[in-house]
Amino acid sequence: MRGKCFIIQEPVKFDAAAGQMVPVMDFRKVVQYGEPVVCLPNGRVSLSPGPTIDALRDKLKDYCDDDYIVSVGDPTAIFVAAMVLGDLNRGKCNLLKWDKQSKQYIKVTIDIHYRTRKED
């Protein structure tokens, strides 16, 4: 089963020539892991965490072990997403980490309850 790749917040910048906001990063390589889904709109995350928590809870509500997080965007949003996932998915999530050297994403599984730790 192919999962989803939850991009926490897509980084953008203003392109004066185009007169609009344009993406800063290329996420085409996440499709090998699943369907890309942007969780939050671009821009600053509210200093009042309630709306961000609600938006991320709604977007991540069906997250499962076949899915991935791409942790880009406002650090506050990334932190809130990790906390929400810890609550929703029993402390476990898959992260796609960009490796500059190989120019590929690397899968990292995080389990705060150590269920994925190999015993010596």
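Predicted model: local features only at pLDDT ≥ 70, side-chain atom pairs only at ≥ 80, totals over all residues.
Student: Which residue meets the side chain of R90 in a salt bridge with an N to O distance of 3.4 Å?
Tutor: A salt bridge needs a side-chain nitrogen of Lys or Arg within 4 Å of a carboxyl oxygen of Asp or Glu. The 3.4 Å contact of R90 is made with D65.

Student: How many residues apart are D65 and R90?
Tutor: Helices (H or I, at least four residues) and strands (E, at least two) are DSSP runs, numbered from the N terminus. D65 sits in the loop between α1 (49-60) and β5 (68-70), and R90 in the loop between α2 (75-88) and β6 (92-99). The pair thus links distant parts of the chain, with a separation of 25 residues.

Student: Which residue joins D65 and R90 in a network of salt bridges?
Tutor: D65 is itself partly exposed, with a relative accessible area of 33%. Its network with R90 also takes in K92.

Student: How far apart are the closest N and O atoms of D26 and R28?
Tutor: The structure holds 5 salt bridges, including one between D58 and K61 at 3.2 Å. D26 is partly exposed at 46%, whereas R28 is exposed at 63%. In the salt bridge between D26 and R28, the closest N and O atoms are separated by 2.6 Å.

Student: In the hairpin of β2 and β3, which turn residue has a positive phi of about 70°?
Tutor: Two strands pair if DSSP finds at least two bridges between them. β2 (residues 12-15) and β3 (residues 20-23) run antiparallel and are joined by 4 bridges, with D15 partnered by Q20. There are 4 residues between the two strands, and the turn residue with that phi is G19.

Student: What geometry does the aromatic pair of Y33 and Y68 have?
Tutor: Rings of Phe, Tyr and Trp (its six-membered ring) pair if their centres lie within 6.5 Å; planes under 30 degrees apart count as stacked, over 60 as edge-to-face and the rest as tilted. The structure has 3 such pairs. For Y33 and Y68, the centres are 5.2 Å apart and the planes lie at 65°, making the pair edge-to-face.

Student: Why does the pair of Y33 and Y68 tie together parts of the chain, and how many residues apart are they in sequence?
Tutor: Y33 lies in the loop between β3 and β4 (34-40). Y68 belongs to strand β5, so the pair spans a sequence separation of 35 residues.

Student: How do α1 and α2 lie to each other, given axes that cross at roughly 50°?
Tutor: Axes are lines fitted to C-alpha atoms, for helices over the stretch in contact, and angles run from 0 to 180 degrees between N-to-C directions. Angles under 35 degrees count as roughly parallel, over 145 as roughly antiparallel, 65 to 115 as roughly perpendicular and the rest as oblique. The two axes come within 10 Å and cross at roughly 50°. That makes the relation of α1 to α2 oblique.

Notes
Residues numbered from 1 in each chain as written. Heavy atoms only, no water. Buried < 20%, exposed > 50% of the residue type's maximum accessible area, 1.4 Å probe, protein only.
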